[in-house]
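Let's walk through this structure together, one feature at a time. Keep the sequence and the 3D view side by side as you read.

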Amino acid sequence: MDIVQPKDLEQDFRLAKRRQAELCRQKRIFNARNRIIGGDTKAWDIQVRDQKIKEATEKARDEIFAAEMRQNDKIACILEERERRERRDLCKAINDFQQNFQKPETRREFDLSDPLALKKDLPARQSDNDARNTVSGMQKFMGEDLNFRERKKFQQEQNREWSLQQQSEWKNAREEQKRAEDLYVKTRLQFDKTAMHLQNLESATRKAVCAAVKEFNKSQALESAERKIQEKKQEEEDNLAEISNLLRGDLLSENPQQAASSFGLHRVVPDRWKGMTREQLEQIRLVQKQQVQEKLRLQEEERQRDLDWDQQRVQQARSVLLLEREQQRQQRDLRRALDCSNFNLAKEQLLHVHDCEYISHQRPHSSCGLGCDTASWQRIQRERGDGLRAKKPEVKCLETRGLHTSWEKIHEGSLYKSSH
């Protein structure tokens with residue numbers, strides 16, 4: 001008997017977890033509806049249910065807050081009314097006390113501001129027993145107080161009356177204050193009873209709201225379950241209808257008429273088109289062959305046109321080259337003729353210089369000048385025409401020797417250019 005090890009349990013758990021994941025993946029892959037549409041209906045239902053629960057909870061919370069606000073408003077109104085009534089009672093009591101116990105006539109300095117003082121005033125002396133007679137009035141002197149006992153008795157009686165009156169007033173005031181305190185206590189008790197009643201109503205309302213929310217959630221859950229059952233049933237019916245339509249319809253039977261478009265015979269519906277017929281393929285191949293032949297013809301024409309252009313460019317280049325060679329030959333002939341002319345001129349100049357030297361030797365001068373007269377020049381020309389050439393004298397003058405060297409260099413340069 002084998003003993004189960006924790007490692008075996010973990011391995012079995014991993015295998016079961018992998019098997020469950022593979023089953024879930026196969027359900028997702030082989031469910032064509034979910035794979036094509038790409039939606040998770042279970043997640044959507046959960047989201048809808050959570051949203052409804054959230055809305056119901058928020059609604060219940062709002063109703064509770066509204067009830068609390070109404071209760072607070074009522075309490076605030078009651079407290080405000082009580083404060084207003086207490087303020088009014090206090091003002092009334094102050095006014096009554098002032099009217100009863102703080103009359104202007106009872107003030108000590110009232111006689112100084114009495115508006116009827118002149119009407120109430122008596123003469124300076126009515127008799128010898130006039131109490132208003134003062135020492136400064138010289139109407140009565142010290143030691144003449146004849147009515148002392150009556151006056152003292154009257155004062156004692158007056159004090160007793162004032163004391164009794166004050167005691168009565170204080171007693172009445174204490175009774176009034178006690179009645180006010182009793183009324184205040186009764187009012188506070190009434191307010192507390194009202195607050196307790198409102199609190200009980202609030203708790204009852206909250207319980208009713210919670211019960212209503214619970215019933216609503218229960219009804220929503222039942223409705224959701226019923227709806228899921230109906231949707232599943234409807235989905236199965238739709239799947240069966242779809243399968244029967246696919247089996248009997250034109251999609252699997254590959255009817256070419258189903259791809260015909262309502263916009264014209266040359267247009268088709270892409271999602272229903274099953275391909276072209278054999279005649280259409282033959283027509284397309286024929287058109288393609290014609291297009292290939294036409295393209296070959298155009299390429300041949302373009303190649304022939306390029307050859308013609310190349311020949312024209314070669315001929316133009318050849319004609320330009322011949323023209324350049326002709327121009328070079330003409331320039332060379334002109335240069336050769338110019339060199340011959342320059343050579344002849346230089347030769348004549350050299351003969352002229354030699355003749356001038358010869359004459360200068362025949363007729364010496366003080367300086368080595370090159371000038372000669374006309375008769376000598378004519379004689380030299382005649383001798384040259386007859387073929388006689390005077391013997392070349394020895395050049396001793398530096399200027400004549402330099403001219404001869406220049407003539408030789410010019411002659412060598414002309415010969416070099418003409419040879420090239």
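Helices (H or I, at least four residues) and strands (E, at least two) are DSSP runs, numbered from the N terminus. What you see is a predicted model, in which local features need pLDDT of at least 70 and side-chain atom pairs count only at pLDDT 80 or more, while totals for chains, interfaces and linings use all residues. Residues are numbered from 1 along each chain as its sequence is written, and side-chain values use heavy atoms, with hydrogens and water left out.

Start with the overall plan. The chain has nine helices and two strands, and along the sequence they follow the pattern α-α-α-α-α-α-β-β-α-α-α. Of the 420 residues in the chain, 10% are buried. Here, buried means under 20% relative accessible area, exposed means over 50%, and partly exposed is in between (1.4 Å probe, protein chains only). The areas themselves come from the Shrake-Rupley method with a 1.4 Å probe, and for residues only the protein chains shown count as cover.

Now find helix 3, which covers residues 41-101. How many aromatic pairs does the structure hold? It holds one. The partners are F97 and F101, with 4.9 Å centre to centre and 35 degrees between the planes, and the pair is tilted. For such a pair, the rings of Phe, Tyr and Trp (its six-membered ring) must have centres within 6.5 Å; planes under 30 degrees apart count as stacked, over 60 as edge-to-face and the rest as tilted. Why are these two about one helical turn apart? Because F97 and F101 are four residues apart in helix 3. F97 is partly exposed at 41% relative accessibility, and F101 is partly exposed at 31%.

Next come the charged side chains. Side chains of opposite charge can pair when their charged atoms come close. A salt bridge is counted when a side-chain nitrogen of Lys or Arg lies within 4 Å of a carboxyl oxygen of Asp or Glu. The structure holds 17 salt bridges. One of them joins R179 and E176, with 2.3 Å from N to O. These two residues sit in helix 5 (residues 148-248), and because they are three residues apart there, about one helical turn separates them. R179 is partly exposed, with a relative accessible area of 47%, and E176 is partly exposed at 46%.

Move on to helix 7 (residues 278-362), where E300 and R303 lie three residues apart, about one turn of the helix. Their side chains meet in a salt bridge at 2.3 Å, N to O. Both ends can be reached in part: E300 has 39% relative accessibility and counts as partly exposed, and R303 counts as partly exposed at 43%. Further along helix 7 you can look for R329 and E326, which are also three residues apart and so about one helical turn from each other. In their salt bridge, the closest N and O atoms are 1.6 Å apart. R329 is partly exposed at 36% relative accessibility, and E326 is partly exposed at 31%. Salt bridges can also link up: E68, E202 and R206 are joined in a network of them.

A patch is made of residues with over 30% relative accessible area and no salt bridge; like charges are joined within 9 Å, and nonpolar side chains (Val, Leu, Ile, Met, Phe, Trp, Tyr) within 5 Å. Lys and Arg count as positive and Asp and Glu as negative, while His and the chain ends are not counted. The place of a charge is taken as NZ of Lys, CZ of Arg, CG of Asp or CD of Glu.

Which residues gather in the patch of positive charge? They are K27, K42, R49, K52, R227 and K228. Helix 3 and helix 5 are the elements that give two or more residues to this patch, and helix 3 gives the most, with three. R227 is found in helix 5 and is partly exposed at 33% relative accessibility.

A patch of negative charge on the surface is formed by E55, E58, D62 and E63. E58 lies in helix 3 and is partly exposed, with a relative accessible area of 32%.

The last stop is a nonpolar surface patch of about 330 Å², made by V268, W273, M276 and I284. M276 is placed in the loop between strand 2 (264-268) and helix 7, and M276 is partly exposed, with a relative accessible area of 37%.
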